[in-house]
Amino acid sequence: MAGHKRLTQHDIAKLAGVSQATVSLVLNGAPTALARIPQETRERVQHVIRTTGYVADPIARRMAKGLNRILGVFTYEPAFPSEQADFFTPFLLGIEEEAQAQNYDLLLLTGAGVGKDRKIFADGNRLRIADGCLVLGREFDRAELKRLVLGDYPFVAIGRREDAGGPVPYVGGDYTSGTRALVEKARGLGHEKLAYIGPSGPAESIADRWNGFSAAARDGAEPVLHIDAVDRPAGEILDALFASGATAAFFVELADAVRVEVAARERGLSLPGDLSAVVLGSHIRAERSHVQFTSFNIPREEMGRQATAMLVRRIEGAAPVEQILLTCEPVEGETLGPAKKRT
């Protein structure tokens, strides 16, 4: 029989002496449903499947479950240009790895506009081809996020998100605790006057860093400088740091720290000999540097993996909203040392 036609579930049921419904449950059933089938019956069906070489029709299985087994991936910023590759690639690696483990394909939603016009709900998009969607980006469109929360389409955000008409399912990094730990480490090395180079919001990932810094700095340290911007001239930043009396500078962007370190070397200064520097995770505009900055690690691959697993739970089991923050482990680096006494 196997040599002349494709085996069907009906054939397997006949050979195993069970109903076709039993074969379907053994192949596709949830654990709770399988538990109702005697173990001896399950083993008999599985033995027939193994010995006949039966392969289930994937299209039929998907139709039976009402799923395409496709996960959408939407990013508010382009995922692949060189200046952002270091940021997005680890997330995508984690997503792909978990999607394979869960037997899902990925659909990268790229036809949703260009630049600031990128929209999840753009006209003609193919969102519904996917059973659910992972959403990435430094800043989300709040109206779209609210529409997702209030709708019936399964999604998970990568990165913490504030409520948007209701709680948002997400997997993010605990930037608040990671930042606070680095400030406390600096204080333990005698740094009492601290500087912060970068904005304080509005994106949640940026606000979390600022909140961690502010909370820790209030406890025995003095914030003496806040440059509320990125990409300022390195010499200007360096001048402001020394004028303020700061002994340790906390940078939101790695690129700013790299340029300040170069400017310091050109003046005959060193990190951390003359000034300590801490980077609050590496970001989109990361540049190569011979210096290993004291920082914390953003678990991007693990965030991608756990967000994908969460999305599958929401698709297959209508799981309740989950919000997970992963630990950002400290990176020792070589740019944080004892505070230098200023004369």
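**Strands, cores and rings**

Analyst: Happy to! Strands β1 and β3 run parallel and are joined by five bridges. Within that pairing, T75 sits opposite L136 of β3. Keep in mind that this is a predicted model.

User: Thanks. What pairs with β1 through four bridges?

Analyst: That is β2, again in the parallel sense. There, V73 faces L108 of β2.

User: And in what order do the six strands of the open sheet come?

Analyst: The order is β2-β1-β3-β4-β5-β11, with parallel pairing. The edges are held by β2 (105–108) and β11 (323–326); each has a single partner strand, so one side of each has no neighbour in the sheet. On average, neighbouring strands are turned by 20° against each other, ignoring direction.

User: How many bridges join β5 to β11?

Analyst: Four, and the two strands run parallel, with β5 covering residues 170–173. The bridge partner of V171 in β11 is I324.

User: Which strands does helix α12 lie across?

Analyst: Helix α12 (residues 300–317) lies across β1, β3, β4, β5 and β11, and runs at about 165° to β4.

User: New topic: which residues have the most contacts inside the largest nonpolar core?

Analyst: L194, F250 and M303, in a core of 43 residues. Setting aside neighbours within four places in sequence, F250 is in contact with several residues, including L182, L194, Y196, F213 and V278. Another core lies apart from the largest one; it has 23 residues, among them A234, A249, V258 and F293.

User: Nice. Which strand is joined to β6 by five bridges?

Analyst: That would be β7 (residues 222–227), running parallel to β6 (residues 193–197). K193 stands opposite E222 in β7. Between β6 and β7 the chain passes through helix α9 (residues 204–217), and this β-α-β crossover is right-handed.

User: Let's talk aromatics. How many pairs does a search of the whole structure find?

Analyst: Seven aromatic pairs. In one of them, the rings of Y76 and F140 have centres 5.4 Å apart and planes at 45°, so the pair is tilted.

User: Where do Y76 and F140 lie?

Analyst: Y76 is in the loop between β1 and α6, and F140 is in the loop between β3 and α7, so the pair ties together parts that are 64 residues apart in sequence. Y76 and F140 are buried.

User: And how are the rings of Y196 and F213 arranged?

Analyst: Their centres are 4.8 Å apart and their planes at 50°, so this pair is tilted. The pair links distant parts of the chain, with Y196 in strand β6 and F213 in helix α9, 17 residues apart. Y196 is buried, as is F213.

User: Which residues form one aromatic cluster with Y196 and F213?

Analyst: W210 and F250. You'll recall F250 from the largest nonpolar core.

User: Last one: which residues of helix α1 are buried?

Analyst: In α1 (residues 9–16), the buried residues are Q9, D11, I12, A13 and A16. Just after α1, G17 takes a positive phi of about 70°.

Key: Residues numbered from 1 in each chain as written. Predicted model: local features only at pLDDT ≥ 70, side-chain atom pairs only at ≥ 80, totals over all residues. Heavy atoms only, no water. Pairing = 2+ DSSP bridges. Axes fitted to C-alpha atoms, helices over the stretch in contact; angles between N-to-C directions. Contact = heavy atoms within 4.5 Å. Core = buried A, V, L, I, M, F, W, Y, C linked by side-chain atoms within 4.5 Å. Buried < 20%, exposed > 50% of the residue type's maximum accessible area, 1.4 Å probe, protein only. Right-handed = clockwise from strand over helix to strand, strands pointing away. Phe/Tyr/Trp six-rings, centres within 6.5 Å; stacked < 30°, edge-to-face > 60°.
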